[in-house]
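Subject: Structure handover

Dear colleague,

Here is the structure I said I would pass on. Please look it over before reading the notes below it.

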Amino acid sequence: MSESILELERVRLQYGPVVAVDDVTVAVGRGEFVTLLGPSGSGKTSTLRLVGGFEHPTGGVIRIAGRPVNGLPANRRDTATIFQSGALFPHKTVAENIAYGLRMRRVPAAEIARRVAEMLEIVALPGFEHRYPAEMSGGQRQRVALARSLVVRPSLLLFDEPLSALDLALKLQLRAEIKRLHAELGFSAVFVTHDQGEALSLSDRVAVMQKGRIEQIDRPDTLYNRPASEFVYTFMGESNRLDVTVGGGAIRDLQGHLLPLTLEDGLAEGAWRLYLRPSRLHLSEHEPVRSNALRCTVSMVEFLGDHFRYHLACHGLRLMCDVSAKLGLSEGSDVIASWDGADMRAYR
Amino acid sequence: MRRSGDITARLLWAAGLLVLGVVSVYVALPVAIAFVMSFSGGQILRFPIQSWSLRWYADFFGSPQYVDALVNTLVIALGATVLSVAAGTASAWAISRRKNLATGALTLLHMLPLFVPGVVLGLGIAITFGNVRLFGMDLYGTRFIVMLAHSLWGMPLVMMLMETTFRSLDRQVLEASRDLGAGPFTTFREIVLPEVRTAILSSALFSFVVSVNEFYMALFLTTRDTQTLPVLMWLSLRSAGSPRLAVAAVVLMTIVLVSLVLLASGLRRKERVRG
Amino acid sequence: MTDARRRRTGEALGFWLLLAPSLLLLVLVFARTVAGVVRMSFNGWTPPSFYVEDVVLDHYVRLATDPLIREAAFNTVVLAFQAALTSVVLAYVMTLIVWLRPKRFRLTVIGLMLCPLLASEISIIFGWWLVLPRNGLLSYMLVGSGLVSEKINLLYTEFAAFLGLVYAILPYSFFILLSVMDRQDRLLIEASADLGASPLSTFREVVLPLTWRGVVLAFSQALIWAFGIYATPSALGPDTLWTMGQRIQEEMIGRANWPLASAIAVAMIAAIALLLVVMRTVEPKERTA
């Protein structure tokens with residue numbers, strides 16, 4: 001008896017010279033919610049399609065509930081996919097859509113009716129049985145898609161960017177809905193997205209993918225605070241980048257100006273890229289409030305709804321700094337930007 | 001400047017409408033006039049029409065030769081439609097599932113017969129199958145050989161229309177069906193067929209109309225016993241121009257119109273069910 | 001690995017099984033027919049038999065030298081070009097109107113253009129027989145309205161043949177042009193006018209270049225159809241107006257000279273193939289914003 005509901009072992013998908021999935025090894029536990037996060041072309045969707053049975057690996061083994069499923073078509077796998085477009089059958093009503101998978105499994109009609117009604121309650125769409133997909137909003141359609149997949153009680157739910165076609169408010173609402181359903185029903189899931197916010201909020205673990213490989217797989221907070229690579233760090237959120245050279249114990253920018261920076265660990269000599277999240281900078285007018293500090297001039301202030309973003313020029317460097325309350329600083333004001341050394345990450 | 005532009009625009013538009021009007025009359029005239037003439041009571045084709053009657057309709061449906069030709073036309077068209085739709089739809093489905101150089105070449109291959117004039121196909125099939133026997137029967141002169149010949153035009157038309165339709169299907173919807181446990185055949189029956197019903201019916205109508213009206217191939221491939229209505233009309237055109245031919249023309253157009261109306265009402269009923 | 005191979009074999013098998021019916025039709029009927037015509041064109045001919053198994057070039061020599069056939073070829077090409085050109089011009093005007101004012105004209109004009117497409121060529125020929133002769137509708141109406149004093153006859157004239165041929169190919173030009181026109185953005189006209197262009201300049205600078213591809217496509221398609229149509233010119237034109245298709249019918253049925261009929265057919269296929277190749281090379285690329 002396997003602990004994992006899904007195991008991928010050195011799974012590979014290659015079209016001629018193009019490697020879409022490059023030796024991916026990962027396991028998903030029962031009841032676990034794992035997200036594959038990455039930019040387009042990183043292989044996350046291909047990996048999901050391999051699990052769903054829409055593509056077949058050119059190497060490696062896929063096991064679902066301990067059983068190898070290589071070569072098994074989608075209709076003979078115990079997985080259910082929620083597609084990006086919802087992929088509802090346009091000529092069938094909501095009830096017929098949800099019942100489809102049960103009919104294919106030859107579930108008796110009475111039980112189908114009962115389970116469809118129950119599922120409509122769960123996704124908060126009671127009374128929508130006889131609607132056609134064209135008569136519903138995008139968010140409602142995605143709920144039906146969710147219900148259609150959940151109703152067959154698959155071993156594993158597969159989400160293929162199901163929120164990416166929705167507008168922001170709906171996206172957040174449905175995201176919370178999925179999280180609630182996961183907590184209530186305890187299904188196992190693999191979720192694919194390019195939105196790191198979705199990944200962090202929904203998942204037990206997140207796998208960041210790039211060029212067909214998994215760069216790092218960890219709990220969301222670990223991933224955010226201790227990224228294993230420059231790619232993971234930059235993909236997890238916006239950042240300031242400082243290109244510097246280290247030589248003779250001093251850190252200089254590319255123009256040769258001395259930067260009074262101290263890092264937790266000393267840096268070896270050579271060129272480095274230092275990164276810093278905009279929210280970790282502190283602005284003050286006279287005295288620095290953290291150990292690393294630069295004198296800057298405000299070049300632009302952006303209002304971004306829930307916060308303000310200050311664009312700063314410091315010697316040859318440009319920094320962004322997010323603060324929640326508006327400061328009494330206008331464009332051209334002098335300011336001191338400071339931050340903790342521990343908030344800075346260096347890559348070379 | 002602005003005024004003169006206005007005037008040119010109006011003149012151009014008026015000229016365009018004039019062309020449209022003339023072409024409308026030109027297009028409607030022969031059809032309308034055949035319709036009117038079919039109700040003439042006279043023996044000969046001349047204007048003005050002196051008396052009105054249905055005698056030529058009685059004459060048409062009382063003539064075994066014309067009724068046989070009508071039956072031949074319908075049987076051949078139905079057969080050609082079944083062949084075209086079955087073969088064309090199957091090919092379109094296979095080709096639409098893939099996209100590479102080979103499918104491009106296959107599509108082109110399917111289209112080739114459309115570029116060959118009917119007279120050439122008719123002559124060629126007559127020469128090639130003139131003495132071929134199938135199941136102990138001469139193939140030449142049968143309705144079956146005409147069905148095959150007409151399918152050469154019907155099948156590519158169906159193939160073109162259905163391939164576009166199949167390609168426009170949402171791939172994710174088909175995958176969703178597989179994902180929920182339906183095999184390829186169930187998916188085709190449950191999901192694909194209802195979606196492409198309109199296209200299949202339209203392409204069937206298309207190949208049916210092409211076969212009903214086609215006469216170059218039919219002329220070369222039929223005998224007195226199997227000749228179609230257009231062939232019979234062509235052969236009687238020079239010898240006996242009578243209002244009976246007008247009735248024949250009206251009958252042909254009615255067949256086409258009735259099939260159009262059947263198609264439209266079939267589609268409308270479906271819409272109501274869905275709405 | 002064997003799983004994957006078995007699956008791929010299964011998919012390939014399904015692919016070819018689905019293609020089988022139409023491939024059978026294309027190979028057993030179409031390809032055999034074309035091959036049969038080509039083979040027949042090299043056979044000898046000694047009446048009263050339809051043909052004699054042989055390999056001779058006699059019939060191709062006749063194609064090049066027989067004045068009757070050369071005249072038929074000349075007539076076919078001239079008629080087809082005239083008719084194709086006229087049909088494209090008329091169809092262009094109509095599609096332009098439909099495109100500019102779709103609400104008012106679209107359905108009516110499309111319904112109207114379906115007439116020639118859905119009616120049998122023979123029915124239409126018969127319709128012209130009622131319109132064009134001395135006792136026909138046209139003559140009756142012209143005399144009745146006092147425009148002319150004597151009955152006039154247009155049947156069995158080259159003009160009647162031309163009129164009938166244009167009629168037969170007009171819907172093809174129309175629907176090809178309409179599909180190309182429909183893909184253009186009507187806002188472009190307003191943009192052009194907004195930038196100061198007169199209606200004529202807008203047409204010359206914007207509309208015509210964008211739809212030129214449709215014109216070429218419609219013209220070549222109309223030309224090919226016009227090549228194959230011979231019942232209309234034969235029934236409406238003068239007895240001296242022979243076309244290639246009619247020569248095929250005459251040689252095949254009238255004189256039972258199968259090899260010569262086949263040689264004419266091969267020449268027609270070759271002409272169409274040549275036309276397609278030429279059109280493919282001059283055809284402008286489709287540009288979209």
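The notes below cover the basis of the values, then the domains, the chain interface, the record annotations and the salt bridges.

This is a predicted model, in which local features need pLDDT of at least 70, side-chain atom pairs count only at pLDDT 80 or more, and totals for chains, interfaces and linings use all residues. Residues are numbered from 1 along each chain as its sequence is written, chains are lettered from A and ligands numbered from 1 in the order in which they are written, and side-chain values use heavy atoms, with hydrogens and water left out.

Domains of chain A

Chain A splits into domain 1 (4-235) and domain 2 (240-347), with bounds that come from an automatic or database domain assignment. Taken over C-alpha atoms, the centres of domain 1 and domain 2 of chain A are 40 Å apart. Seven residues of domain 1 of chain A are in contact with seven residues of domain 2 of chain A (contact means heavy atoms within 4.5 Å). Between them the two domains of chain A bury about 790 Å², with 44% of it on carbon and sulfur atoms. Buried area here is the accessible area (1.4 Å probe) that two parts lose on being put together, summed over both. On the domain 1 side, A:Tyr224, A:Glu230 and A:Tyr233 supply 77% of the area buried against domain 2 of chain A, more than any other three residues.

One salt bridge is counted between domain 1 and domain 2 of chain A (a side-chain nitrogen of Lys or Arg within 4 Å of a carboxyl oxygen of Asp or Glu). A:Glu230 also forms a salt bridge with A:Arg273, where the closest N and O atoms are 2.8 Å apart. Three residue pairs, both members at pLDDT 80 or more, are in polar contact across this domain interface of chain A. A polar contact is a pair of N or O atoms within 3.5 Å; within protein, one must be able to donate a hydrogen and the other to accept it, and residues adjacent in sequence count only if both atoms are side-chain atoms.

Of the side of domain 1 of chain A that touches domain 2 of chain A, helix H7 (220-225) and helix H8 (230-236) each supply at least two residues. H8(A) gives the most, with three residues. Helices (H or I, at least four residues) and strands (E, at least two) are DSSP runs, numbered from the N terminus.

Chains B and C

In this interface, 74 residues of chain B are in contact with 80 residues of chain C. The buried area between chain B and chain C is about 7,000 Å², 82% of it on carbon and sulfur atoms. Zero salt bridges are found across it. Helix H1 (residues 2-37) of chain B provides the largest share of the chain B side, 19 residues.

Record annotations

An unreviewed UniProt entry lists "transmembrane region" for chain B at residues including 12-37 and 69-95; such annotations may be inferred rather than shown by experiment, and positions are given in the numbering used here, with feature names shortened. Residues 12-37 of chain B are 100% helix and 0% strand, with end C-alpha atoms 37 Å apart. Residues 69-95 of chain B are likewise 100% helix and 0% strand, and their end C-alpha atoms lie 38 Å apart.

Salt bridges overall

Over all chains, 33 salt bridges are found. A:Asp23 forms a salt bridge with A:Arg12, the closest N and O atoms being 3.7 Å apart. A:Asp23 lies in strand S2 (residues 18-29) and A:Arg12 in strand S1 (residues 4-15) of chain A, so the pair ties together parts that are 11 residues apart in sequence.

Regards
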